[in-house]
Amino acid sequence: MNHELVLVLDFGGQYNQLIARRVREHNVYAEIKPYSRITVEEIKSAGYVGIIFTGGPNSVYDAASPHFSPEILDAGIPVLGICYGMQLICHLCGGTVEAGTKREYGVFPITLDTSLPLFSGCTVPTDVLMSHTDLVTALPEGFRVAGHTDLTPVAAYVNEDRQL
């Protein structure tokens, strides 16, 4: 029996249930928890093999937007950020997220670095659903671009050493 457990940390996005379902389709149990109702200590003690930060309607540079302790990024648990979650990781690690001048809403082709385990087996380009106005404009130290679209130079990034 598979006892792997992934935390889907919900930042208010509309796809949290879909994300959890996709994880479960790979025979890994996924728990959805609101970002505001779980602590770093609880996450560390739960035995999660991975964390997914979901999207959300906010901008990370807005002080009133949902945030989480940057300590979680150093807990030794791999973290995948999707949409707002990706931008939040960048922001927490010292990168720059800014309001974009062009928006992507809908399906767009993305070019991915298929040498990365996360994207191995993906065809390039592949179509992804994009829904954002903010952009990662400067990556934190130790991160590199892992995917881009015609309008978004940093549509995916990675820090392999930190498993982010």
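The following questions and answers concern a predicted model of one protein chain.

Reader: On what basis are the residues numbered and the features counted?
Author: Residues are numbered from 1 along each chain as its sequence is written, and side-chain values use heavy atoms, with hydrogens and water left out. Because the model is predicted, local features need pLDDT of at least 70 and side-chain atom pairs count only at pLDDT 80 or more, whereas totals for chains, interfaces and linings use all residues.

Reader: Which element of the protein chain has the lowest mean pLDDT?
Author: The pLDDT is the predictor's confidence in each residue, from 0 to 100. The protein chain averages 93, and 99% of the residues score at least 70. Among its elements, which are DSSP runs numbered from the N terminus (helices: H or I, at least four residues; strands: E, at least two), S3 has the highest mean, 98, and the lowest, 87, belongs to S5.

Reader: How many disulfides does the model contain?
Author: A disulfide is a pair of cysteine sulfur atoms within 2.5 Å. The sulfur of Cys90 has its closest cysteine sulfur in Cys93, at 7.7 Å, which is too far for a bond. For Cys93 the closest cysteine sulfur is in turn that of Cys90, also at 7.7 Å and too far. By this rule the count is zero.

Reader: Is Cys93 buried, partly exposed or exposed?
Author: Buried means under 20% relative accessible area, exposed means over 50%, and partly exposed lies in between (1.4 Å probe, protein chains only). Cys90, at 0%, is buried. The relative accessible area of Cys93 is 22%, so this residue is partly exposed.

Reader: Which strands are included in what covers the buried residues of H3?
Author: Helix H3 spans residues 84-92, and seven of its nine residues are buried. These are Tyr84, Gly85, Met86, Gln87, Leu88, Ile89 and Cys90. Taking contact to mean heavy atoms within 4.5 Å, the cover includes strands S3 (50-53), S4 (79-81), S5 (96-112), S6 (126-138) and S8 (156-158).

Reader: At about what angle does H3 run to S6?
Author: Axes are lines fitted to C-alpha atoms, for helices over the stretch in contact, and angles run from 0 to 180 degrees between N-to-C directions. H3 lies across S5, S6 and S8, and its angle to S6 is about 30 degrees.

Reader: Which strands stand at the edges of the four-stranded sheet?
Author: Two strands pair if DSSP finds at least two bridges between them. The open sheet has the order S6-S5-S7-S8, with antiparallel pairing. One side of each edge strand is left without a neighbour in the sheet, because each has a single partner strand; these edge strands are S6 and S8.

Reader: Which residue of S7 is the bridge partner of Leu112?
Author: S5 pairs with strand S7 (residues 144-148) in the antiparallel sense over two bridges. Thr111 stands opposite His148 in S7. The partner of Leu112 in S7 is Gly147.

Reader: Which residue of S8 is the bridge partner of Val145?
Author: S7 and S8 run antiparallel and are joined by three bridges. Within S8, Val145 has as its bridge partner Tyr157.

Reader: With which side chain does that of Ser59 make a polar contact?
Author: Ser59 is found in the loop between S3 and S4 and is buried, with a relative accessible area of 18%. Leaving aside neighbours within four places in sequence, Ser65, Tyr84 and Asp134 are in contact with Ser59. A polar contact is a pair of N or O atoms within 3.5 Å; within protein, one must be able to donate a hydrogen and the other to accept it, and residues adjacent in sequence count only if both atoms are side-chain atoms. At 2.7 Å, the side chain joined to that of Ser59 is Asp134.

Reader: How far apart in space are Val6 and Ala20, C-alpha to C-alpha?
Author: Val6 is found in strand S1 (residues 5-10) and counts as buried at 10% relative accessibility. Not counting residues up to four places away in sequence, Val6 touches several residues, including Val23, Tyr48 and Ile52. Val6 and Ala20 are 14 residues apart in sequence, and their C-alpha separation in space is 8.6 Å.

Reader: Which residues does Asn16 touch, not counting those up to four places away in sequence?
Author: Asn16 is found in helix H1 (residues 16-24). At 12% relative accessibility, Asn16 counts as buried. The residues that Asn16 touches are Val8, Asp10, Ile32 and Thr54.
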